[in-house]
Amino acid sequence: MSQNHKGRLKVYLGYAAGVGKTYRMLEEAQEMRRQGVDIVIAYFEPHARPETIAKTEGLETIPRRVISYAGSQFEEMDVDAVLRRKPAVALVDEFAHTNVPGCDRTKRWQDVHTLLDAGIDVLTTVNVQHLESLNDEVWKGTGVRVRETVPDWVVDDADEVVFVDLTPHALRNRLERGVVYKAEKAQQAMDNFFSEANLNALRELAMRHAAHELEEKLTPPPAAAIEPLPGEMPAPEKGPARERILICLTGRPSSAVLIRRGKRVADYLQADCLAIHVANAANSSEPAERHLTFARNLRIATHVIQSDDAAGAITTFARANRITQIFVGRSRPLPWWQRFRETTVQRVVRQSRDIRVTIVAERRR
Amino acid sequence: MPQHPDRRPDPEELLRRVQAEERRQRLGRLKVFLGYAPRVGKSYRMFAEGRRRAERGEDVVVGAVQGQATPEIQEILSRLETIPPVIERHAGRIYEVMDLAAIFRRHPGVCLIDGLAYDNPPGSRNPQRWQDVRDLLGRGIAVITAVNLQHIREKQTEVERITGKRAAYSVPEEFLLDADEIEVVDAPPDALIVRGGTAADARALAELREMALLLAADVVEWQLQDYLDAHGIAARWGAQERLLVCLTPRSSAVEMLESGHRNALRFHGTLLATYVEQPSLRPEDRARLESHLALAREMGAEVHCLPPGDFVETILAFAREQRVTQIFLGHSGKERTWWGGRSPVERLIDAAEDFDVRLFPHKDAS
């Protein structure tokens, strides 16, 4: 539950376009209107679906804002207009949308937070493949790399998540009948993303995630460990401490997978999650900087340490911060003439011998 | 999804393929709406789908209605053909029995059956309604039905723990696994509390909701496997975490198993434990291994003993076959030679492409 927002957030979670998230949301909006709630449509994506459009009838719509960018016109939610109108509830479709450059905020979920901060309740829709922590799983299950993502905490903080279900069979029927997309696009969609195996995989992922969300709200986290200051030795503590996970990130592209995986395990174990990057004089830390920002977006506390001895720095940091599990990516194999030397991973394993080390594999399809 | 070229289907996979084939030969399609508690609206969703199908020209009849229908459902029922139930009295009880013979005679394209969990009176063709449904499917009649979580036999003990009540009628989980389609009817609990007007325990409802979603996820995973089997695709992907603990005589088995158990619980995953048979094990090592295996079984792990052979190759093949996502392995980092000539742990890490390797230091390594 969010404490710092005044407005309440309700998310309709689906596993693919066309399962009926927007329809369900509009149904509820109509019901609220009948009960006299002051509700407006702040953003709605009609996708030329007549049944859905019919459900907007009688609901007040705040006109969109038109933005010119690169010679084209784009329409976005007019946040200022919604704030001026200040309804009790605003309906905002497509939570994971990325705004066109020139808007005040880059992501729609940030726009939604602005509304919540102003005390407006928000209803919104999102598909499971847009959740950051599931990005690799979705790719592995479907072969699709989703670009528009929201950090999980944005959905975790919702006051309510409703899972909107439709069987893949029914969804494919709707596609065939042209309900979701126009005919030529529908056939293409069915052969690719909307194949039966893909839909089943996404659906299972969505169900498990929705169940996990519920469990999170039911289970109080284990006794909080006292957060030690960086470099400070923590006070001894009684009882089983909660797990503390340290993600060792680098500038290599595989670090993104590592961060998502470590964070996912941490979330499930209700563990604290930290990330460290060891920078040395020789390496530019620019690519690592991107990963550090990514980690911070997922609400992982990040630390950068200057050292030429990566393994040593990681081990020292882990000890000082009472880390119980270290997550590392696989080291690049050494050339044959250096085979007698140790890779960083090998040294971390050997040096932090009282701490569990998890080597995260790159997933293939 | 690419196939493994060097992999032959194991017997379990072959059996699944045969079963999938049998299911496809069954004539009628079965669709189930699953609710987590009464009044979530599963009956409404079922009848609404029936109406939509009738409007699209399908031959739809209502085979069974459960209890007092809401005005919304009554409105739909007034537009659909209903095969009235047979009222029977047995030992002072009144039964509303679905008229199976009449439905057979009428032979509709689709039959809507509310209240899948129902015991027929003694002397009926089948003791339970889900068996009636099976007979309808066998005759080529598609069935759409609705059932609540508390009626799923394998879940009843857990539901009772949450609600303190046990439903009288039940349907085996296997019947759900066999459905062609399952749809979860989800609604936030506060809507139920308002609608029911009772101060129902929101926590209990949330727990039931979670259970229903996980059950549906299991069914979906089963169906996905089914689909992949039917199309000859060897799946290496599942949304479920599958953890494999590799036991050896010297590993910190307690720590590994406890961690594996906790992970499996939190992820609602599966815990597997394995060891690679070693022919010449010292008696004291044999005894330690046996106690580790006993502990693994105690923790509910599926224990697999693998034939002697190259440790890394054996584990890798097993992990691939079982679609493992995490391997738990013990290590003693104390000897320098451990890294010297490519140790098994090192080789496993190098070969690990679809799973994480979690290393647990041996407790006696100092």
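A polar contact is a pair of N or O atoms within 3.5 Å; within protein, one atom must be able to donate a hydrogen and the other to accept it, and residues adjacent in sequence count only if both atoms are side-chain atoms. The model in view is predicted: local features need pLDDT of at least 70, side-chain atom pairs count only at pLDDT 80 or more, and totals for chains, interfaces and linings use all residues. Residues are numbered from 1 along each chain as its sequence is written, chains are lettered from A and ligands numbered from 1 in the order in which they are written, and side-chain values use heavy atoms, with hydrogens and water left out.

**Stop 1: the two domains of chain A**

Select residues 9–217 of chain A as domain 1 and 244–360 as domain 2; these bounds come from an automatic or database domain assignment. Their centres, taken over C-alpha atoms, are 35 Å apart.

Next, display the boundary between them. Here 13 residues of domain 1 of chain A are in contact with 11 residues of domain 2 of chain A, contact meaning heavy atoms within 4.5 Å. Four residue pairs in polar contact link these domains (both residues at pLDDT 80 or more). There are also four salt bridges between the two domains, a salt bridge being a side-chain nitrogen of Lys or Arg within 4 Å of a carboxyl oxygen of Asp or Glu. Select A:Asp157 and A:Arg299 to see a salt bridge whose closest N and O atoms are 3.7 Å apart.

**Stop 2: the interface of chains A and B**

Now show both chains. The contact draws 60 residues from chain A and 66 residues from chain B. Together the chains bury about 5,900 Å², 52% of it on carbon and sulfur atoms; buried area is the accessible area (1.4 Å probe) that two parts lose on being put together, summed over both.

Seven salt bridges lie between chain A and chain B. For one salt bridge, select A:Arg261 and B:Asp356, whose side chains meet at 2.6 Å, N to O. Colour helix 9 (196–218) of chain A among the elements that touch chain B; helix 9 gives the most to that side, with 15 residues. Helices (H or I, at least four residues) and strands (E, at least two) are DSSP runs, numbered from the N terminus.

**Stop 3: strand 13 against strand 13**

Finally, select strand 13 in each chain. Three bridges join strand 13 of chain A to strand 13 (residues 356–361) of chain B, and the two run antiparallel; strands pair if DSSP finds at least two bridges between them. Within this pairing, A:Val357 stands opposite B:Leu359.
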